[in-house]
Amino acid sequence: LKLLLEGNQRFVAGKLEHPNQTPARRAEVAKGQHPFAAVLACSDSRTPPEIIFDRGLGDLFVVRVAGNVADRVVIESLDYSVKHLGVRVVMVLGHRRCGAVIAAVEGHEEEEKDVGPMLKELDPAVAATKGMPGDPVENAVRANVRLVMLNLATSSELRAMVISGELKIVGGIYDLDTGTIEMLRAKE
Ligand SMILES: [Zn+2]
């Protein structure tokens, strides 16, 4: 987590080091990968983890899906990084003005019943924040990261390692304007 946040500080300040992007590193990790963290991020083209955390090859195990939701396939992917690659921190990374969340908020307002699987995953966050003061998209983005953290921490795959303290699930919100990441606590 420290490495992630330090890399993000370099990115924010425009002092990129581009670590682990050399041919030597490529050769090193071709033999096997030991990423130090997993990141579940949105597919949004403005939120690529390797860039916003200033990291390179073999550093991050990344799952990206619109709205950074955790369905069974996503959980299984993250579980692989934990059980087989030795990852001990998983960051759920939402971002401000997320298009998937905007669609979910608007869909919810229209009370569409027949939404696709991605909006269905986002619906609990939208429902939980409906009528809350403040911006509905911003509220749902935050609620979604917390719900996904909870889904991961209570999943049959990861639960035991979270309880024993071997695995840390953390959450953050990426700010598209400043490049900063605000860390979220699991509960408000
Ligand atoms: Zn997004």
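A zinc ion has as its protein donors Cys42 (SG), His95 (NE2) and Cys98 (SG), which lie 2.0 to 2.3 Å from it. The model that shows this site is a predicted one. The largest nonpolar core has 37 residues, and another core, of 14 residues, lies apart from it. The structure also holds one aromatic pair.

- Along the chain, the donors of the zinc ion follow the spacing C-x52-H-x2-C.
- Cys42 sits in the loop between S1 and H3, and Cys98 in the loop between S3 and H5; the two are 56 residues apart, and the pair links distant parts of the chain.
- Cys42 is buried, because its relative accessible area is 5%, under the 20% that sets the limit for a buried residue.
- Cys98 is buried as well, with a relative accessible area of 1%.

**Nonpolar cores**

- In soluble globular proteins, nonpolar side chains tend to be buried together.
- Within the largest nonpolar core, the residues that touch the most other members are Leu78, Val90, Val101, Leu152 and Ile169.
- At least two residues of this core come from each of S1, S2, H4, S3, helix H5 (99-109), helix H6 (117-129), helix H7 (136-153) and strand S4 (168-174).
- H7 gives the largest share of this core, eight residues.
- Leaving aside residues up to four places away in sequence, Ile169 touches Val90, Val92, Met149, Leu152, Ala153, Leu158 and Val162.
- The core of 14 residues that lies apart from the largest one has Ala37, Val39, Ile52 and Leu60 among its members.

**Helix H1**

- Helix H1 (residues 2-13) has twelve residues, which at 1.5 Å a residue should span 16 Å; the end C-alpha atoms are 17 Å apart, which agrees.
- Leu4, Gly7, Asn8 and Arg10 are buried in H1.
- The buried residues of H1 line one face of the helix, because they fall within an arc of 155 degrees when seen down its axis.
- On the face turned away from the buried side of H1 are the exposed residues Lys2 and Gln9.
- The cover over the buried residues of H1 includes strand S1 (37-41), helix H3 (49-52), S2, strand S3 (89-95) and strand S5 (181-184).

**Aromatic pair**

- The one aromatic pair in the structure is formed by Phe61 and Tyr80, with 6.3 Å from centre to centre and 40 degrees between the planes, and it is tilted.
- Phe61 belongs to strand S2 (residues 60-64) and Tyr80 to helix H4 (residues 72-85); they are 19 residues apart, and the pair links distant parts of the chain.
- Phe61 is buried, with a relative accessible area of 15%, whereas Tyr80 is partly exposed, with a relative accessible area of 39%.

- Asn20 has a phi near 60 degrees, which is positive in a residue other than glycine.
- Asn20 is placed in the loop between H1 and helix H2 (23-30), and it is partly exposed, with a relative accessible area of 26%.
- Asp54, also a residue other than glycine, has a positive phi near 45 degrees.
- The loop between H3 and S2 holds Asp54, which is buried, with a relative accessible area of 2%.

- Thr129 is in helix H6 and is buried, with a relative accessible area of 7%.
- Not counting residues up to four places away in sequence, Thr129 touches Pro136, Asn139, Ala140 and Ala143.
- Lys130 lies in the loop between H6 and H7.
- Lys130 is exposed, because its relative accessible area is 51%, over the 50% that sets the limit for an exposed residue.
- From C-alpha to C-alpha, Lys130 and Val105 are 8.7 Å apart in space, while in sequence they are 25 residues apart.

How values were computed: Residues are numbered from 1 along each chain as its sequence is written. This is a predicted model: local features need pLDDT of at least 70, side-chain atom pairs count only at pLDDT 80 or more; totals for chains, interfaces and linings use all residues. Side-chain values use heavy atoms; hydrogens and water are left out. Rings of Phe, Tyr and Trp (its six-membered ring) pair if their centres lie within 6.5 Å; planes under 30 degrees apart count as stacked, over 60 as edge-to-face and the rest as tilted. Helices (H or I, at least four residues) and strands (E, at least two) are DSSP runs, numbered from the N terminus. Buried means under 20% relative accessible area, exposed over 50%, partly exposed in between (1.4 Å probe, protein chains only). The expected span of a helix is 1.5 Å times one less than its number of residues. The arc is that of the directions from the helix axis to the C-beta atoms. Contact means heavy atoms within 4.5 Å. A nonpolar core is a set of buried Ala, Val, Leu, Ile, Met, Phe, Trp, Tyr and Cys residues joined through side-chain atoms within 4.5 Å. Donors are N, O and S atoms within 2.8 Å of the metal (3.2 Å for Na, K and Ca); water is not among the atoms, so sites may look incomplete.
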